[in-house]
Amino acid sequence: MDQIIIDIIDRDFDLAEKELVINELLSIDLSHVMAAPEYNLKNTRLAILKLAKGELSEVIELTKRAKIDFRDVIMWAMQEK
C-alpha cells in the first residue's frame, strides 16, 4: 500500500483501528476499480480515507460502496470541500 495512505491511517486512526482500516482498504483490489490502473485503486483508497474522517465505521461502509462502484466514492470525495 502506498506510503501516503499509511501516513493518513497513522494520523487519523488509533492503534487499535489501524489494522482494521488497512484490511478494509486492502479488500478493494484491481477488479473493483476497472482492472488495470493502479491509479484508480490509490484514488479510491484516498477518497475513502478523506470521506471517513477517522471513523472506522465509515471506512467499512465506504469500502462496501466502492466495491459496487468506485467512481461514486471518488466523486463524493471530489465534491467535499
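Buried means under 20% relative accessible area, exposed means over 50%, and partly exposed falls in between (1.4 Å probe, protein chains only). By that rule, Ile5, Ile8 and Ile9 are buried in H1. The model is predicted: local features need pLDDT of at least 70, side-chain atom pairs count only at pLDDT 80 or more, and totals for chains, interfaces and linings use all residues. Residues are numbered from 1 along each chain as its sequence is written, and side-chain values use heavy atoms, with hydrogens and water left out.

**Helix H1**

- Helices are DSSP runs (H or I, at least four residues), numbered from the N terminus.
- Which residues of H1 are buried? They are Ile5, Ile8 and Ile9.
- These residues lie on the same side of H1, because they cover an arc of only 100° around the axis. The arc is taken from the directions that run from the helix axis to the C-beta atoms.
- An α-helix has 3.6 residues a turn, so residues three or four places apart point the same way.
- The buried residues of H1 pack against H2 and H3.
- Asp2 caps the N-terminal end of H1. A side-chain oxygen of Asp2 lies 3.0 Å from the backbone nitrogen of Ile4.
- A polar contact is a pair of N or O atoms within 3.5 Å; within protein, one must be able to donate a hydrogen and the other to accept it, and residues adjacent in sequence count only if both atoms are side-chain atoms.

**The nonpolar core**

- A nonpolar core is a set of buried Ala, Val, Leu, Ile, Met, Phe, Trp, Tyr and Cys residues joined through side-chain atoms within 4.5 Å.
- The largest one has 22 residues. Ile9, Val21, Leu25, Ile48, Leu49 and Val59 have the most contacts inside it.
- Helices H1 (3-12), H2 (15-26), H3 (38-52), H4 (56-68) and H5 (70-79) each supply at least two residues of this core.
- H3 gives the largest share, 6 residues.
- Contact means heavy atoms within 4.5 Å. Leaving aside neighbours within four places in sequence, Val21 is in contact with Ile9, Phe13, Leu49, Leu56 and Val59.

**Helices H4 and H5**

- The axes of H4 and H5 come within 5 Å and cross at roughly 125°. Axes are lines fitted to C-alpha atoms, for helices over the stretch in contact, and angles run from 0 to 180 degrees between N-to-C directions.
- H4 and H5 are therefore oblique to each other. Angles under 35 degrees count as roughly parallel, over 145 as roughly antiparallel, 65 to 115 as roughly perpendicular, and the rest as oblique.
- Leu62, Arg65, Ala66 and Ile68 in H4 meet Phe70, Val73 and Trp76 in H5.
- Thr63 is in helix H4 and counts as buried, at 1% relative accessibility.
- A polar atom of the Thr63 side chain lies 2.7 Å from the backbone oxygen of Val59.
- Asp72 lies in helix H5 and is partly exposed, with a relative accessible area of 28%.

**Two loop residues**

- Ile28 sits in the loop between H2 and H3. Its relative accessible area is 0%, so Ile28 is buried.
- Not counting residues up to four places away in sequence, Ile28 touches several residues, including Val33, Leu41, Ile48 and Thr63.
- Lys53 lies in the loop between H3 and H4. Lys53 is exposed, with a relative accessible area of 56%.
- Most residues other than glycine have a negative phi. Lys53 has a positive phi of about 50°, although it is not a glycine.
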